[in-house]
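Please read it beside the sequence and the model.

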Amino acid sequence: MRIIVIGGDGFCGWPTATHLSAHGHEVTIVDNLARRAISEELDAHSLTPIRPLGTRVQAWEETTGRTIAYHYLDAATDYDQLRALLTRLQPDAVVHFAEQRAAPYSMKSSAHKRYTVANNTAATHNLLCALVEAEVDSHLVHLGTMGVYGYTTTAAPLPEGYLTVQIPGPEGETEEREILYPANPGSIYHLTKTQDQLAFQFYNANDGLRITDLHQGIVWGTQTEETHLDGRLINRFDYDGDFGTVLNRFLMQAGVGHPLTVHGSGGQTRAFIHIRDTVRCIRLAIETPPEAAEGVRIFNQATETGRIRDLAQKVSKLTGATIDFQANPRKEAAENELRMRNEGLRTLGWEPITLDNGLMEEVRAIAERYAHRCDLSKIPAHSFWTRPKPTEEEAAADPTAVPFTHPAQAG
């Protein structure tokens, strides 16, 4: 199959592109290198030394004999180029990763909130509009998030995207209808993902686009079978307070001898998935596309759930690291339960990887190997959901008061 991976240089995008290529698909990466620009903005770089994208694709060809094409393009701003590329390549599938993915980054300032909304909603809508205008019969696979459901305790397990409700009529009759599960975003990033859902519903109903929306849990792990083949293919490993995912942060902190930072009580329950399962699920979704008449297909792409403090205790027991409870920068419930359904991908043949000590040791080993690259000052979380009103002096010194242009769009 001909597949375009938009955002194919990122934490999930790069291993997905190599995994699809390894399984015989013709892969083209589209990326504007925004994630690398954000690293420069934050001065917070991957713990692993990731190579330039050109070096990565060259190394992939040298290692495997397979080629991955690359086009520098911003899906949020370069609409004409995006449409032209779709027209020329006529892909069977398009994988959409081209969104700013970090909740804390989206909450850093009003400028970062606006950037996240502008980038994420424009990238999604440009892609949908371009698919229609170019008359490309392509299956769109979008990486969403479990966070669209919110993190409040519910009596029943979270369904896969949809909820069947009874609507009462004026004469006591009822109408049964299937609706999107009520969205409850916990950050501006999550808000953009809920907006994506509505755009998908419209373009599926109005234009017959075939769409799969994968509501993914928090990703942990770094390497896949493909990125492990050559040191130049290594995947990125974020550990900073904005982009580092919680379990990877714990394992990195243990690897460099830093206490495990748990925010609040640690009673927040989250859904998790290993990066190897991320790429497998995306491939399964691509290789078993839906019909347009099915509506937007939604899968919960997560393996299991766990409380943050329980994960910290598991890592502590494994490594001997101490646990440091800190104030929670997020506006969320101190404790919640989370149950979910994930039968959809299982029916396609997915056999998920659970939290495994061997795989956690693998991540810890990577952290220890590259510990010399760790900047301990980047570990604390500096993005806050609610802030006290600044004094006049603080407001005058606030760098976010300066007009903000995202580094990826500054040129």
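Predicted model: local features only at pLDDT ≥ 70, side-chain atom pairs only at ≥ 80, totals over all residues.

**Notes on the model**

1. Cysteine 374 counts as buried, at 15% relative accessibility; buried means under 20% relative accessible area, exposed over 50%, and partly exposed in between, with a 1.4 Å probe and protein chains only. Cysteine 129, in turn, is partly exposed, with a relative accessible area of 28%. The structure holds 0 disulfides, a disulfide being a pair of cysteine sulfur atoms within 2.5 Å.

2. Residues are numbered from 1 along each chain as its sequence is written, and side-chain values use heavy atoms, with hydrogens and water left out.

3. How many strands form the open sheet, and in what order? There are 7 strands, in the order E3-E2-E1-E4-E5-E8-E12, and the pairing is parallel. Strand E3 (68–72) and strand E12 (297–301) stand at the edges with a single partner strand each, so one side of each has no neighbour in the sheet. On average, neighbouring strands of this sheet are turned by 20° against each other, direction ignored. Helices (H or I, at least four residues) and strands (E, at least two) are DSSP runs numbered from the N terminus, and two strands pair if DSSP finds at least two bridges between them.

4. Within the sheet, strand E5 (residues 139–145) pairs with strand E8 (residues 210–216) in the parallel sense over 7 bridges. Glycine 144 stands opposite histidine 215 in E8. Helix H9 (residues 275–287) packs on the sheet and touches strand E1 (2–6), strand E4 (93–96), E5, E8 and E12. Contact here means heavy atoms within 4.5 Å. The direction of H9 makes about 145° with that of E5; axes are lines fitted to C-alpha atoms, for helices over the stretch in contact, and angles run from 0 to 180 degrees between N-to-C directions.

5. Histidine 274 is placed in strand E11 (residues 269–274). Is this residue buried or exposed? At 0% relative accessibility, histidine 274 counts as buried. With residues up to four places away in sequence not counted, histidine 274 touches Val219, Trp220, Gly221, Gln223, Ile353 and Leu359.

6. Two backbone positions deserve a check. Most residues other than glycine have a negative phi. Leucine 33, although not a glycine, has a positive phi of about 60°. Leucine 33 lies in the loop between strand E2 (26–31) and helix H2 (34–42) and is partly exposed, with a relative accessible area of 26%. Aspartate 43 has a positive phi of about 55° and is likewise not a glycine. The loop between H2 and helix H3 (53–64) holds aspartate 43, which is partly exposed at a relative accessible area of 45%.

7. Side chains of opposite charge can pair when their charged atoms come close. The count comes to 23 salt bridges, a salt bridge being a side-chain nitrogen of Lys or Arg within 4 Å of a carboxyl oxygen of Asp or Glu. One of them joins glutamate 337 and arginine 307 at 2.5 Å, N to O. This pair links distant parts of the chain, 30 residues apart: glutamate 337 is in the loop between strand E14 (323–326) and helix H11 (343–347), and arginine 307 is in strand E13 (residues 304–307). Glutamate 337 is partly exposed, with a relative accessible area of 37%, whereas arginine 307 is buried at 17%.

8. Another salt bridge is formed by arginine 309 and glutamate 335, whose closest N and O atoms are 2.9 Å apart. Here, too, distant parts of the chain are linked: arginine 309 in helix H10 (residues 308–319) and glutamate 335 in the loop between E14 and H11, 26 residues apart. Arginine 309 counts as partly exposed at 22% relative accessibility, and glutamate 335 counts as partly exposed at 38%.

9. Arginine 364 and glutamate 361 form a salt bridge with the closest N and O atoms 3.6 Å apart. Because they are 3 residues apart in helix H12 (residues 357–369), about one helical turn separates them. Arginine 364 is buried, with a relative accessible area of 17%; glutamate 361 is partly exposed at 34%. Elsewhere, salt bridges that share partners join Arg35, Arg101, Arg236 and Asp238 into one network.
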